[in-house]
Amino acid sequence: MNTQTDRYAVMGNPIEHSLSPMIHHAFAKQVQELIHYEKIKVPLDGLAEAISSFFAEGGKGLNITVPFKQEAYNLCCHLTDRAQQANAVNTLYWNEDQQLCGDNTDGTGLLRDLTQNLSQILAEQRILILGAGGAVRGILGPFLFNSQGSAEILILNRTYSKAALLAEQFQHLGNIYALPIDQAPKKAFDLIINATSSGLSGEAPLLLPEWIAPHTLCYDMVYGNQLTPFLQAAAQQGVQRKYDGLGMLVEQAAEAFCLWRNKQPKTAPVIRQMRQHNSQSPQLS
Ligand code: ATR
């Protein structure tokens with residue numbers, strides 16, 4: 001058993017409701033390691049300084065969240081392939097030469113939640129992704145890789161040009177395309193992922209009844225202590241398989257924990273623990 005208390009943190013702004021400290025402490029307890037993991041609210045113009053001070057003072061690893069994932073990417077000396085594909089990082093550490101290294105575990109986290117926890121296959125599936133921001137860029141590489149290019153992925157976004165650009169940038173990896181929303185096909189999808197931030201303003205993105213089949217899985221990358229607006233819309237259309245992004249949050253954290261500690265924690269008990277905590281929490285976390 002490692003008896004040293006290593007320091008970790010998540011940096012973001014806002015950060016008050018982050019569940020990351022609770023998740024990482026649960027992992028550490030499970031694998032019998034001592035860590036201290038805190039949340040740090042970083043001023044919008046203070047990321048570079050906050051990161052260097054953290055590591056210079058002996059910090060071992062950082063998670064980076066909204067709105068800093070792209071800025072942190074630009075500060076890294078070394079980037080993994082998946083971070084480069086995402087153009088953003090959520091996990092940082094220093095190498096032995098004190099150079100900043102960045103990875104992105106978000107896409108892998110979503111993939112694990114879908115395929116391992118929810119038993120959703122991706123190969124040869126019709127997948128609809130709503131949104132074309134940073135969150136989508138982070139998941140496309142792992143999705144296309146996992147399905148070995150056999151999935152059909154349609155990106156729909158309020159601003160079509162952003163969806164078209166993403167489809168163009170990833171089309172060498174598989175069958176991915178974009179359409180303007182008013183040209184959306186009226187056919188069923190196996191998997192519909194909400195990667196828009198519309199829920200933050202209490203809105204749901206467009207969800208056509210024609211897109212829903214009895215087996216369709218609707219997944220919202222956001223999570224909360226009640227059904228998100230997108231999942232409410234799915235419920236109104238009779239969707240049975242509907243899930244929020246809490247599993248993704250825990251899975252991306254497990255991947256980061258493993259990078260730092262070289263131990264893979266079990267995620268199922270921690271997802272249950274976070275679900276219970278969230279259901280008792282009066283606010284979105
Ligand atoms: P993130 O990092 O969470 O992806 P982002 O890069 O700001 O955040 O992207 C937000 C996404 O949500 C975008 O695709 C945005 O659409 P636009 O590209 O048209 O701005 C989408 N979005 C935000 N609010 C929305 C709303 N009310 N309805 C539909 N889409 C919305």
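This is a predicted model: local features need pLDDT of at least 70, side-chain atom pairs count only at pLDDT 80 or more; totals for chains, interfaces and linings use all residues.
A residue counts as buried here when its relative accessible area is under 20%.

**Aromatic pairs on helix 9**

A search of the whole structure finds 6 aromatic pairs. One of them joins Phe27 and Phe257 in an edge-to-face arrangement. Phe27 sits in helix 1 (residues 20–30) and Phe257 in helix 9, so this pair ties together parts that are 230 residues apart in sequence.

Tyr37 and Trp260 form a tilted pair. Here Tyr37 belongs to strand 2 (residues 35–41) and Trp260 to helix 9, 223 residues apart. Tyr37 counts as buried at 2% relative accessibility, and so does Trp260 at 14%. Together with Tyr8, Tyr37 and Trp260 form one aromatic cluster.

| Pair | Centre to centre | Between the planes |
|---|---|---|
| Phe27 and Phe257 | 5.6 Å | 65 degrees |
| Tyr37 and Trp260 | 6.4 Å | 45 degrees |

**Helix 9 against helix 5**

Helix 9 (residues 246–261) also packs with helix 5 (residues 106–117), their axes 7 Å apart and at an angle of about 120 degrees. The two helices are therefore oblique to each other, and their crossing is right-handed. Helix 5 contributes residues including Asp106, Leu110 and Arg112 to the contact, while helix 9 contributes Met248 and Glu251 among others. By class, this contact has 5 charged, 5 polar and 2 nonpolar residues.

Technical notes:
Residues are numbered from 1 along each chain as its sequence is written. Side-chain values use heavy atoms; hydrogens and water are left out. Axes are lines fitted to C-alpha atoms, for helices over the stretch in contact, and angles run from 0 to 180 degrees between N-to-C directions. Helices (H or I, at least four residues) and strands (E, at least two) are DSSP runs, numbered from the N terminus. Angles under 35 degrees count as roughly parallel, over 145 as roughly antiparallel, 65 to 115 as roughly perpendicular and the rest as oblique. A crossing is left-handed if the near helix is turned anticlockwise from the far one by less than a right angle, and right-handed if clockwise. Contact means heavy atoms within 4.5 Å. Ala, Val, Leu, Ile, Met, Phe, Trp, Tyr, Cys and Pro count as nonpolar, Asp, Glu, Lys and Arg as charged, and the others, Gly among them, as polar. Rings of Phe, Tyr and Trp (its six-membered ring) pair if their centres lie within 6.5 Å; planes under 30 degrees apart count as stacked, over 60 as edge-to-face and the rest as tilted. Buried means under 20% relative accessible area, exposed over 50%, partly exposed in between (1.4 Å probe, protein chains only).
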